[in-house]
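Welcome! Take a look at the sequence and the structure, then work through the steps.

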Amino acid sequence: MPYSAQISRTNPACLLFLIDQSGSMADPFVGTGGTSKAATVADAVNRLLQNVVLRSAKADGVRDYFRVGVIGYGTTVKAGLGGTAPFNVLVPISKVGDQPLRVETRTKLIPDGAGGVLEQKIKFPVWFDPEAGGKTPMCEAMAAAGLAVKGFVDEFPNAYPPIVLNLTDGLPSDGNPQDHAKALRKLGTSDGAALLFNLLISATPVVPEFFPSGEDHLTDKCCKLLFRMSSVLPPQLSEAARAEGHSLKPGARGVVLNADPTAIVRFLDIGTRVTPSGK
């Protein structure tokens, strides 16, 4: 059965994030009181990275169950997390866990048990800072992602298929990335083809659409493009989406349209719902 390979230190999973860092990402995110789209996305990615580190932590330390990478695309196309584009984008999760850029102290609101809330100070590791400038070279970013994924599947031919998650707020500025997306999805391991998921960040206060199975109802050019670029959700991730309350039709794709901040967090969680075997 495809998409069922156990995740271990000898067969790690690959999580690669493509983050739009174009100038429009400096605009405020709808409903956040002025926080930029870039800052909202950076917070969501940092939370996800922390969760992946915790998922990989055992008594003897953080085990390398994952290779993770970030490719930002805006003024330039570049790797984050200490990686380098185009061939060394992916970094072992133990190295990521050991080397945050900094650890911030933030305030979290928690219930006080009497109907109110209390402020609690928490430590928040930061690996990825927000940036916004330039255009949207999505084709170049997809090509760089393809090289990173190819390197991973060559090294780990029997691993769980790589997962690539692209977060953007608009159309690419350097052409049509569908061919690059198709080439990326043709890469894979003995367990299945690489998975490409896409999220369109909302510019207006509309209800997000999770995991559509068709495009006939889509009127926006960018929505149609991202739908066509996206992989069909495999069974394991479809189950994760249903567990979050989503009603999926056959052929549902890994795409979220007009995402608000909450939708970004849910998308990243569902899209990376793969669990190490503990070996």
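**Exercise 1. Find which residues of helix α1 are buried, then look at how far the helix reaches.**

Step 1. Keep in mind that this is a predicted model. The buried residues of α1 are Lys37, Ala38, Thr40, Val41, Ala42, Ala44, Val45, Asn46, Leu48, Leu49, Val52 and Val53.

Step 2. Helix α1 runs over residues 37-55, which makes 19 residues.

Step 3. From the first C-alpha of α1 to its last, the reach is 27 Å, close to the 27 Å expected at 1.5 Å a residue.

**Exercise 2. Work out where Ser230 sits and which residues it touches.**

Step 1. Begin with the chain: Ser230 belongs to the loop between α5 (221-229) and α6 (235-243).

Step 2. Is Ser230 buried or exposed? Its relative accessible area is 3%, and buried means under 20%, so Ser230 is buried.

Step 3. Leaving aside residues up to four places away in sequence, Ser230 touches Arg185, Leu196, Phe197, Asn198, Arg253, Gly254 and Val255.

Step 4. With one of these, Asn198, there is also a polar contact: the two side chains meet at 2.9 Å.

Step 5. Now pick out Ser213, 17 residues from Ser230 along the chain; the C-alpha atoms of the two are separated by 11 Å.

**Exercise 3. Describe the surroundings of Ser94.**

Step 1. Locate Ser94 in helix α2, residues 93-98.

Step 2. Its relative accessibility is 17%, and the cut-off for buried is under 20%, so Ser94 counts as buried.

Step 3. Beyond residues up to four places away in sequence, Ser94 touches Val62 and Asp64.

Step 4. What distance goes with the polar contact between the side chains of Ser94 and Asp64? That contact is 2.7 Å.

**Exercise 4. Compare the backbone angle phi and the setting of Tyr3 and Asn258.**

Step 1. Recall the background: most residues other than glycine have a negative phi.

Step 2. Tyr3 is not a glycine, yet its phi is positive, near 55°. Asn258 is not a glycine either, and its phi is positive at about 60°.

Step 3. Tyr3 is in the segment before β1 (13-20), while Asn258 is in strand β14, residues 255-259.

Step 4. Finish with accessibility. Tyr3 has a relative accessible area of 17%, under the 20% cut-off, and is therefore buried. Asn258, at 25%, lies between the 20% and 50% cut-offs, so it counts as partly exposed.

Key: Residues numbered from 1 in each chain as written. Predicted model: local features only at pLDDT ≥ 70, side-chain atom pairs only at ≥ 80, totals over all residues. Heavy atoms only, no water. Helix = DSSP H or I, 4+ residues; strand = E, 2+ residues; numbered from the N terminus. Buried < 20%, exposed > 50% of the residue type's maximum accessible area, 1.4 Å probe, protein only. Contact = heavy atoms within 4.5 Å. Polar contact = N/O pair within 3.5 Å; in protein donor to acceptor, adjacent residues only side chain to side chain. Expected span 1.5 Å × (residues − 1).
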